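Please open the model in your viewer and keep the selection panel at hand. The stops below are meant to be visited in order.

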Amino acid sequence: MKKVHRPVLVSGLVALGVLGLGACGGDDGDAQASTSVASDGPAATTAPGSNEPTDSATAGDTGAATPKQGTTDSPGMGSDCTTDRLRAGLKATGQEMNSKYFDLTLTNISDGSCALKGYPGLSLTDQDGDPIGKPATRTQDGSAENVVLKPGQAAHAVVRTPDKGVTDGKCWPEPARIKVFPPNNTASLSADPAELQVCGDSFTVGPFTTNAV
């Protein structure tokens, strides 16, 4: 009888061992499976999400830059002639109705087109560069035009002062130079006064136009 029961006990122990090994193997497989999903999951979800905002931001930046370049490259949009691209001049154009008239010009000396719109700042200076009297006041004769200047072209503004004979000789000292500020510029140009002498404390300038008046 003892010889019969011993094999049964051994086989029972072996079966228990096999079941134990099977249980351990199952735990390892579950752990490995869960680890694989955790590592694959974030990589699959974060990579596309991180790339997409970067691409859309780049596209947005590119689209925003295009209108700026178009505006900058378009000549003649407002008063964009800078002082360094211009040359000032003044010449007498005659006398009428007890007033003397002068043609103030700003000539485009650059290689590209630009535009002027509005009134110039105009004043008189002596030999030392000190101001004489007050700057010219703006007239209301006509409206300001957007004058596009190609290289070599000039914009014109009318300057007026009463004749010396109708003011009893009440005139400012004769200037050595005129000082001109183009519209929307803080730097000035200098030119010969062309025998301009302000009398009767009346000194006016009109807006820039395409043609001399």
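Predicted model: local features only at pLDDT ≥ 70, side-chain atom pairs only at ≥ 80, totals over all residues.

Residues are numbered from 1 along each chain as its sequence is written, and side-chain values use heavy atoms, with hydrogens and water left out.

**The sheet**

Select the strands first; here helices (H or I, at least four residues) and strands (E, at least two) are DSSP runs, numbered from the N terminus. Two strands count as paired if DSSP finds at least two bridges between them.

Next, select residues 154–162 and 204–205, which are strands S8 and S11: the two run antiparallel and are joined by 2 bridges. Arg-160 lies opposite Thr-204 in S11.

**A residue in S2**

Move to Thr-107, which belongs to strand S2 (residues 99–108). Buried means under 20% relative accessible area, exposed over 50%, and partly exposed in between (1.4 Å probe, protein chains only). Thr-107 counts as buried because its relative accessibility is 11%. Which residues does Thr-107 touch, not counting those up to four places away in sequence? They are Arg-85, Leu-86, Arg-87, Gly-152, Gln-153 and Ala-154, where contact means heavy atoms within 4.5 Å.

**The ring pair**

Rings of Phe, Tyr and Trp (its six-membered ring) pair if their centres lie within 6.5 Å; planes under 30 degrees apart count as stacked, over 60 as edge-to-face and the rest as tilted. The count by this rule is 1 aromatic pair. Select Trp-172 and Phe-203: their ring centres are 6.0 Å apart and their planes stand at 80 degrees, so the pair is edge-to-face. The pair links distant parts of the chain, 31 residues apart, with Trp-172 in the loop between S8 and S9 and Phe-203 in the loop between S10 and S11. Trp-172 is buried at 14% relative accessible area, and Phe-203 is buried at 3%.

**Two loop residues**

Most residues other than glycine have a negative phi. Select Asp-168, in the loop between S8 and strand S9 (177–181); its phi is positive, near 60 degrees, and the residue is exposed at 71% relative accessible area.

Finish at Glu-195, in the loop between strand S10 (189–191) and S11. Glu-195 has a positive phi of about 65 degrees and counts as exposed at 74% relative accessibility.
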